[in-house]
Amino acid sequence: MKGSVIIVGAGIIGAACARTLSRRGLDVTIVDAGASAGATSSSGEGNLLVSDKGPGAELELAQHSLRLWRTLAPTLESEIGRDFPSVEFERKGGIVAALDAQQSQALDLFADAQRRAGVDAQRLSADEARYLEPELSPAISSGVYYPEDAQVQPTIAAEAFLASARAAGTRVLVNTVVTGPLIDADGKLAGVVTSSGNLAADDVVVAAGPWAGEVAQVLGGTLSVGPRKGFLLVTSRMPRRIFHKVYDADYVGAVGSDNHDLQTSTVIESTASGTVLIGSSRQNVGFDSGLDVAALRKIAAKAVRLMPFLLETSVIRAYCGFRPFARDHVPVIGPDPAVPGLWYAAGHEGAGIGLAPATAEMLASLMLGESPAVAAAPFAPGRAPLADSLARTT
Amino acid sequence: MGTYRVAAQIDSIAPEPATVITISVDGVAVDGLLGQTLAGVMLGSDIMAWRNTSFGDQPRGLFCGIGICFECLVVVNGQRDVRACQRRAASGDQIEFHRDLPVHVEDAESEGPS
Amino acid sequence: MKTVLIIGAGPAGLAAAAAAREGGARVVLLDSAEDVGGQYWRHLPATRPARNESLLHHGWSTFRSLRERLEGDELCEIVTWAHVWAIEDRNIHVLVGEPDGTNRDARVYNAAAVVMATGAYDRTLPIPGWELPGVFTAGGAQALAKGERIAVGHRVVVGGAGPFLLPVAESLVVAGSTVVGVYEASHARRLLGTWTTRPWELARTASKVTEMLGYVSNHVRHRIPYVTGRAVTAIQGADRVESVTVSAIDRSWAPIAGTQKTIDVDAVCLGHGFTPRLELPIAAGCRVNARRFIEVDEDQRTSVAGVFAAGEITGIGGVDLALAEGAIAGHVAAGGAASDMQMRQHRVRRRRFRQFAARIESAHGIGENWSKWLTDETIICRCEEVSFGRLNSVAEASQATGLRSLKLLTRAGLGICQGRVCGRSVEELLGAHVPGGRLIDGVSSDRRPIATPIRLGELAQELDNPAHLERTNTK
Ligand SMILES: Cc1cc2nc3c(=O)[nH]c(=O)nc-3n(C[C@H](O)[C@H](O)[C@H](O)COP(=O)(O)OP(=O)(O)OC[C@H]3O[C@@H](n4cnc5c(N)ncnc54)[C@H](O)[C@@H]3O)c2cc1C
Ligand SMILES: Cc1cc2nc3c(=O)[nH]c(=O)nc-3n(C[C@H](O)[C@H](O)[C@H](O)COP(=O)(O)OP(=O)(O)OC[C@H]3O[C@@H](n4cnc5c(N)ncnc54)[C@H](O)[C@@H]3O)c2cc1C
Ligand code: FES
């Protein structure tokens, strides 16, 4: 036995970490305040994207994670059995469409840089884009095709990781809130205090999504991760008319933006069950889960501009979630710089589903003293940009 | 056997004469009365199913009758997702059936959350 | 002048509107239907007049006078075909126009006082074969009889629980159908026990009792065999109903082996109780009580200041309770108090009919073992065609304990009806897999932020026309 770990949070990040750590021989307990996959991981989409990321550490992690995802579906099935619903991994490919000459130019520049970083990004004329996606507006000016973009069903994926972890010996405690640190005689972190008793372990991993900052604080650490609200729309079922993931070109702008006002960027995709998902908005409004019709209207207006046939489709549902975001928009993976035994796997913003497998792998490498497949320094909790932004906010 | 409109001559509520309208249901002309819903017109002619399900290809028609269950959806004059039990029929309405098949059960579970 | 906005123009909403007008407030009354009346007073459209329409109704004159009072009042604005699709804080978002239309008129109301009176719909438990054409909710059969003069079949079985099965059977007989049997799940002893242990209470609810006993004792009585302790446990047919299986059930509603009887029919009407339409009050933030109705105080106030609730959403109690609660809600919303003199009669009636409602609940409540009549193949979620076997195997394989995640794992409740039909049954069936017997995430299938589908083009519309702005301010 290589030691014991408590993971706080049974969303997709915690579940993926539990699976990898328990399969690497650690004694894992995963604790969640509510039910498994009941928060952010069941409130978003399951896009596994390279298209929205410019060159840099996060793109590298995403590229590595996508490679892992490609073999995960069959592996998970062998770990948890065929009765489990499929995670629906599909390499669907994505098309970004620009709506005017200026957008075309910006998109081309972005794609050029991505190509140099190893992303398969193929420029499309307006006609070519409309050939691949016939319902795209005639008004589009050009596009870029990203054949690597893929998708999974995020909730099923999170539950599949968890089932695999359980099969490998992970204990799952739901309905259990972590309320404080368990400190040993030497004054060192030795586990957590929960709403249903103390849990001792050698290490504690905070994978509490948008609440990771709060949980870190409760455990004596420092982590600047908070919520960024997002809405999605779901239509009724219809015969398939959308074949790839389709985005407008402002998508890239919003992800890295610090603007606190309502922003939307369009992602449209049809699901295997026949519904169409239309996303999404970004707002920094804390944990206010209230309906925001202005956000819904804005998402709708942009979607019909990109694909006019959507005008007459029926929206049957809207939901919202809180993307866990770090101040510098890069996930936080690694040890707390000041509290030995405290680890983080959090801050994945709008990419946690895609990044989950690589995050789990990186965390396991760091915890087991191995060298990770992707350089870990840019994700270190103690990195300069995070510390700077912390200094600014406090 | 099946559903029917109560014949005016024998109806104890003594209905006054109503205006007859004709709609097209999957290409077939069907008569009803002005003021009826699309479902009312179809049921009045013993048409009990007007949709097939997307996974199992099973016939469905009216269930709740009050706009709750969405079983009765039809395409009206090209517009999808119209509840036949809620929409008033107008003479000349073209009713088509939702034909969304096939959605294969194998890959039918994707979609984001609710 | 204060404006009271009322959502729902059934008995509760109509009574609220009249009382709010008496109390001196301006009223805006919204309903998604084409005319007022709600479920109870659903009637033929103006294009199909009938001299004796009152034969189909009880309390028809009450309805006629309420409607005339409100329609003739210029300070009462009645907006029909008004589909409330979202509530966001105090903003009530409405689309006015044809049901499921496109380009309907988008309005936003924001009133100082709001009365929620959105009513209820039939709760139908899943039964093998219940998805066949020819199976109707009991209320659906009633709606067709009253609103369309359509009879659901020639030989009909009515099954489920509660006094409401009787008026349904009566309507069918009046429409010329043969009602082969009304199968009431409760046992005769339980019914008799509840209906007669406190006869004085019954006497006070005289009008309800006469109405109810009226159904069994009037001219059609001998044509409606009423059998207790039995349930429709399976429905058969190739592509429409051909026969039903009726079984004796025990007190927990588990079928008793060897008692099955098959009856040839061409229609089945099912109603195992009612589900309140809670999505709008929930969207407004109103607290839901343990019995899953909207919590109200003596004044019919909900937990949200300025928001009132009346009728079936506060508890299933029938038309008289809805009228009394509506009157009190409208009166208080306009600035009065439930304790005011002129509310006395309504307070008394409210108390009596609440006792009456409690008796109905205790006599006809759903038994805990109804799921024993399900088979692995039985469809539970009709929209997404999720079977009982699938629910169970996914629950076992995932060991998930939250509704949110389980819905996404199984697709149950994700269809276009938004879990209105299967939601509570799904919660119950999945909860059975969790230690403690219930799902732990506190997620309710009653929550639906988008209360009725809206076309994407309607959502994309900019709301800047002056007509909209004027309505926005109804304070
Ligand atoms: C609208 C929207 C669209 C998105 N689209 C995509 C997409 O297309 N692709 C993609 O990759 N990502 C997407 N995301 C982002 C993705 O959903 C998240 O990055 C990911 O789900 C985060 O997972 P998590 O496990 O960190 O957090 P969560 O799933 O939130 O899990 C954290 C868990 O921690 C638990 N917890 C919190 N506090 C405590 C405590 N004190 N004690 C115990 N447990 C606690 C919570 O109960 C929760 O279950 C989207 C997000 C949103 C909101
Ligand atoms: C189909 C049906 C038939 C019934 N028939 C009988 C009967 O014959 N005899 C009997 O004793 N009881 C009957 N009942 C029981 C009935 O519910 C009550 O007796 C009584 O109608 C309750 O009054 P209410 O005002 O609370 O609600 P309802 O009468 O249900 O009125 C609620 C109103 O709210 C409106 N509404 C709901 N949501 C929205 C929205 N989002 N936007 C706009 N408007 C909305 C509805 O259109 C409806 O008109 C029936 C119930 C149902 C479901
Ligand atoms: S039959 Fe239920 S919505 Fe029309």
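This is a predicted model: local features need pLDDT of at least 70, side-chain atom pairs count only at pLDDT 80 or more; totals for chains, interfaces and linings use all residues.
**Entry 1**

Residues are numbered from 1 along each chain as written, chains are lettered from A and ligands numbered from 1 in the order written, and side-chain values use heavy atoms, without hydrogens and water.

**Entry 2: what holds my eye at the domain contact**

Next I looked up the buried area, the accessible area (1.4 Å probe) that two parts lose on being put together, summed over both. Between domain 1 and domain 2 of chain A it is about 2,300 Å², with 59% given by carbon and sulfur atoms. On the domain 1 side, A:Glu45, A:His329 and A:Glu349 supply 28% of the area buried against domain 2 of chain A, more than any other three residues.

I then checked salt bridges (a side-chain nitrogen of Lys or Arg within 4 Å of a carboxyl oxygen of Asp or Glu). There are two between domain 1 and domain 2 of chain A. I also found A:Glu349 in a salt bridge with A:Arg228, with the closest N and O atoms 2.9 Å apart.

**Entry 3: ligand 1**

Which residues are closest to ligand 1? I found A:Asp32, A:Thr40, A:Ser41, A:Asn47 and A:Glu349, among 39 that surround ligand 1 (a heavy atom within 4 Å). A polar backbone atom of A:Glu349 is 2.7 Å from an oxygen atom of ligand 1, and one of A:Asn47 is 2.8 Å from a nitrogen atom of the ligand. Alone, ligand 1 exposes 990 Å², and the protein buries 95% of that (Shrake-Rupley method, 1.4 Å probe).

**Entry 4: ligand 2**

Here I counted 31 surrounding residues, with C:Ala12, C:Asp31, C:Gln142, C:Lys146 and C:Glu312 the closest. The site is shared between chains, because residues from chains B and C surround ligand 2. An N or O atom in the side chain of C:Gln142 lies 2.6 Å from an oxygen atom of ligand 2. Of the 970 Å² that ligand 2 exposes alone, the protein buries 96%.

Technical notes
A polar contact is a pair of N or O atoms within 3.5 Å; within protein, one must be able to donate a hydrogen and the other to accept it, and residues adjacent in sequence count only if both atoms are side-chain atoms.
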